[in-house]
Amino acid sequence: MNRKIMTNILIVGAGIALLSGCGQKTGGEKIESQNNKKTLTVWTRDSTAAAAISAAEKYNKLQDKVAVEVVQQVNTEIANQFTLSLSANEAPDIISLDCTKVPYFAANGAFTDISDRFEALDYKDQFSEGMIKSGQVDGKTYAVPFSPDVSVLLYNKEHYRDAGLDPENPPKTWEELIEYSQKLTKDGHYGYVYAGAHSGAYMFTFMPYVWNNGGEFLSEDGKTCLLNEEHAIEAIGLLSDMINQYKVTPPSTITYSWSEAQDAFLTGQASQIVLGSAAVYNFVNGSSDMEWGACLVPRGPKGSGYASFSGGDSIGITSQCSDVEAAWDFIEYALSEEVQVEELAKGGCLPARKDFFDNEYFAATPQYGVLKEALEVSKTPYSLKYDEMYTPMLEDMQRCLNQEMTPQEAAADIAARIDAIMAD
């Protein structure tokens, strides 16, 4: 294993907190090993634990060679725990990990090269390109998508009607987003809300505005920050204007945590918000009685199309795996219809494969069509130091939203600080 794993400590920022986990089970327990079977251990985050546990239970009944045990890890701790387990030579055989963190671990020898196995999949083109890229280093594949999470604009249809807006015609452009937000800001609620104090929000829910205006966050190789360019600066200006010029957000938006921003939307204080597809779970499973809609994040004046942030979990075989062939067999099962549809989709979460969106569980919820569109145009920023970029993004964006910096100044400082991180 690469010696960096023994010495580097991953700087783990606060990840995007999902509104709820997928599937029917609460998760958290290990599956008991079956007699005379070799044990394979799978680590998964809270958000995918229920689906992974059910998949392992079914898989263990289908074959008699291995017993798959699933260990649930806390979302915000799994990367640190993985680092420690690698150092102690006690890593799991398989891990389902936030896709943005995979490049760091793959570059440091934590994963097994599965390039040939991936290329042999006859459905490899059904995955998000952004998530596929995040599982690759130097042209080799180390992890594949398991459970994606994409960002879309969610809106309150009742508020739309009260404001004289057509709930079947959500905003498609920044101009319309501003117009709608102004009309929706009345009667004690606001047109838009944002998690201004959450570092992950500046990636997952804001970066699509940059892309939708023709800008970029990072260079193709992930080594240079490109926020200090006109199209990206305009996106920063949009967010600042929504808060300071148009005043269509709650007064405390700049200090809102991820959960506070979501609560503002779910309780009707705000009418529109960009969230991940995991939020849909609440609506599908009756956790909210809001009449809601979804659309792609609106496009900027210089944009030629739409984009979404593709987060979620990718799954791979660790470099300490005791049986790579058996581990890959389980991963293939995890990518099958039995798991992707009957566990993830049934529980209200997105399948990794676009060819599985046409299923009985999504049929009654047309918004899943929007989520499929978002997955098709989604991007995942690629960097070996992804989490280290959180601090400059949060600090300078907050200074801008507090009008202590102009969008130009914030963009220049963010880019300079991130470039310094990359050069270190």
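This is a predicted model: local features need pLDDT of at least 70, side-chain atom pairs count only at pLDDT 80 or more; totals for chains, interfaces and linings use all residues.
Residues are numbered from 1 along each chain as its sequence is written, and side-chain values use heavy atoms, with hydrogens and water left out. Local features need pLDDT of at least 70 and side-chain atom pairs count only at pLDDT 80 or more, whereas totals for chains, interfaces and linings use all residues.

Two packed helices are described by the angle between their axes and the distance between the axes. Helices (H or I, at least four residues) and strands (E, at least two) are DSSP runs numbered from the N terminus, and axes are lines fitted to C-alpha atoms, for helices over the stretch in contact, with angles running from 0 to 180 degrees between N-to-C directions. The axes of helix 11 (residues 230–244) and helix 17 come within 9 Å and cross at roughly 45°; the two helices are therefore oblique to each other, where angles under 35 degrees count as roughly parallel, over 145 as roughly antiparallel, 65 to 115 as roughly perpendicular and the rest as oblique. The crossing is right-handed, that is, the near helix is turned clockwise from the far one by less than a right angle. In this pair, Ile-236, Leu-239, Ser-240, Ile-243 and Asn-244 of helix 11 are in contact with Met-397, Cys-400 and Leu-401 of helix 17, contact being defined as heavy atoms within 4.5 Å.

For helix 2 (residues 46–62) and helix 14 (residues 324–334), the axes come within 11 Å and cross at roughly 120°, which makes helix 2 oblique to helix 14. This crossing, too, is right-handed, and its contact is formed by Ala-55, Ala-56, Lys-58, Tyr-59 and Leu-62 of helix 2 together with Ala-326, Asp-329, Phe-330 and Tyr-333 of helix 14.

Asp-387 lies in the loop between strand 10 (378–379) and helix 17 (390–401).

Asp-138, in the loop between strand 4 (136–137) and strand 5 (140–141), has a positive phi near 55° and is exposed at 77% relative accessibility. Asp-187, in the loop between helix 8 (174–184) and helix 9 (201–204), likewise has phi near 55° and is exposed, with a relative accessible area of 66%.

Methods: Buried means under 20% relative accessible area, exposed over 50%, partly exposed in between (1.4 Å probe, protein chains only).
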